[in-house]
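Student: I have a structure on the screen and would like to learn how to read its features. Where do we start?

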Amino acid sequence: MAIQGPIPISFDQVFPHGCYLVGNVEQVKDFDASANGRTVYAKDKVTGEPVWQVPVMDGDPTVKASQKTVAVKILSSTEPPLPPAAPGLPITPVEFVGMTVTPYVSQSGRLAYSIRATGMRPPRAKQAPAGKEAAA
């Protein structure tokens, strides 16, 4: 099979309605390697970079409430900085770069996806589709 490992994907494919920070960045613990009160942090098996995660809420209004919050893992040698809060909004919009998804079978036997990125930033302004003029 030609596809091996994480599958590259764009932010707009994963979060077409955007997403919002609902927590802080935390370094991911390697529970298998941690023992006797000694915490070991996870590293990406391919790049060796430390793995961080941040919970986000999907902006898609059709997603079930129980599935709205997902963790995005970020591969970075240092803690990724959060984008600045947006004025007048109670939650911070965010966009991820260098995204990949890895499908896996969850403990419940359902298909699930691990979402990874190489960084995050404030969302870019959406471009109008080519040939479309803004309404006056």
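Tutor: Start with a term: a salt bridge is a side-chain nitrogen of Lys or Arg within 4 Å of a carboxyl oxygen of Asp or Glu. This is a predicted model, in which local features need pLDDT of at least 70, side-chain atom pairs count only at pLDDT 80 or more, and totals for chains, interfaces and linings use all residues. Residues are numbered from 1 along each chain as its sequence is written, and side-chain values use heavy atoms, with hydrogens and water left out.

Student: How many salt bridges does a search of the whole structure find?

Tutor: Side chains of opposite charge can pair when their charged atoms come close. Here the search of the whole structure finds four salt bridges. In one of them, the side chains of E95 and R124 meet at 2.6 Å, N to O. This pair links distant parts of the chain, with E95 in strand β6 and R124 in the segment after β9, 29 residues apart. Strands (E, at least two residues) are DSSP runs, as are helices (H or I, at least four), and both are numbered from the N terminus.

Student: Is E95 buried or exposed?

Tutor: Buried means under 20% relative accessible area, exposed over 50%, and partly exposed in between (1.4 Å probe, protein chains only). E95 counts as buried because its relative accessibility is 3%. R121 is partly exposed at 30%, and R124 is also partly exposed, at 47%.

Student: What does D44 form with R116?

Tutor: D44 and R116 form a salt bridge, with the closest N and O atoms 2.7 Å apart. D44 is in the loop between β3 and β4 while R116 is in strand β8, so the pair ties together parts 72 residues apart in sequence. D44 counts as buried, at 13% relative accessibility.

Student: Which side chain of opposite charge is nearest to D60?

Tutor: For charge, Lys and Arg count as positive and Asp and Glu as negative; His and the chain ends are not counted. D60 is buried yet has no salt bridge, and K68, the nearest side chain of opposite charge, is 6.0 Å away. D60 sits in the loop between β4 (51-58) and β5 (69-75). Leaving aside neighbours within four places in sequence, D60 is in contact (heavy atoms within 4.5 Å) with H17 and K68.

Student: What is the phi of N36?

Tutor: Most residues other than glycine have a negative phi. N36 is not a glycine, yet has a positive phi of about 50°. N36 lies in the loop between β3 (26-27) and β4, and counts as exposed at 83% relative accessibility.
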